[in-house]
Amino acid sequence: MADRVLVIGSGGREHALAWKLAQSPHVKHVFVAPGNAGTADNGKISNSAVLVSNHTIVTQFCKDHNIGLVLVGQEALLAAGIVDDLKAAGVRCFGPSAKAAQLASNTSFAKAFLDRHGIPTARWKAFTNPQEACSTDFPARVVRARGPAARKEVTIAASKEEACRAVQDIMQDGMFGEMVVIEELLQGEELSCLCFTDGVTVASMPPAQAHKRLLDGDQGPNTGGMGAYCPVPQV
């Protein structure tokens, strides 16, 4: 029996998930909420205006439309516990729990996890006081906000003064939380090695490399959504 599937998110990641799911004979229809222009009325795929920030409304939508599986791509919703709430209501859902999602949504949690389990990572410190953050003595610095948007609010600072400006911007703005993580800058290639897992089996995807900086020659600010490519010639 073919299932109706709901994909939650609005980016290229959700578009790719919906596109691939629609190719399966086990899938009758794919709803994407809120979706984007690429997922609007595209064969077996259509957008939904269901309010994804309200987990109760999403749960009711799933029951009303006989959704057999939900896939959550949007990181802020994962951090807010949408998978926990849907599963508690009896809706099958693929995605990490709020506790597990902290590895992506909470920079200081992730760094402490790496240290605790002996996984190599750059030296780091977390700060709630901007003056203390500005005194970090790493020779080159990466300034990260802590919170669901932290991966996109990253400044690679060439000097202590530039790092201090980034700290002030993040902490005074308040959009990205009240804590910053400052890391030692590691030079070299950066790759993403992503896997799917059901908790027992791990299936690896090929390594990919993202376009991080805005300008040619790795110049300018870090950005989200600049695209990625695969395979990676270095691996």
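The protein has 8 helices and 15 strands. Helices here are DSSP runs of H or I with at least four residues, strands are runs of E with at least two, and both are numbered from the N terminus. This is a predicted model, where local features need pLDDT of at least 70, side-chain atom pairs count only at pLDDT 80 or more, and totals for chains, interfaces and linings use all residues. Residues are numbered from 1 along each chain as its sequence is written, and side-chain values use heavy atoms, with hydrogens and water left out.

Some overall values next. Along the principal axes, the C-alpha atoms fill a box of roughly 60 × 40 × 35 Å. Of the 235 residues, 34% are buried. Buried means under 20% relative accessible area, exposed means over 50%, and partly exposed lies in between, using a 1.4 Å probe and protein chains only. Take the contacts (heavy atoms within 4.5 Å) between residues at least 6 apart in sequence: 51% of them join residues at least 24 apart.

Now the salt bridges. A salt bridge is a side-chain nitrogen of Lys or Arg within 4 Å of a carboxyl oxygen of Asp or Glu. How many salt bridges does this rule give? The count is 4.

I will start with Arg13. Its side chain meets that of Glu14 in a salt bridge, at 3.4 Å from N to O. Arg13 is partly exposed, at 46% relative accessibility, whereas Glu14 is buried, at 4%. Arg13 also forms a salt bridge with Glu75, where the closest N and O atoms are 3.5 Å apart. Glu75 lies in helix α3 (residues 75-79) and Arg13 in helix α1 (residues 12-22), so this pair ties together parts that are 62 residues apart in sequence. Glu75 counts as buried, at 14% relative accessibility.

Another salt bridge joins Glu184 and Arg123, with the closest N and O atoms 3.1 Å apart. This pair links distant parts of the chain, 61 residues apart: Glu184 is in strand β9 (residues 180-184), and Arg123 is in the loop between α6 (107-116) and β6 (124-127). Glu184 is partly exposed, with a relative accessible area of 21%. Arg123 is partly exposed too, at 46%.
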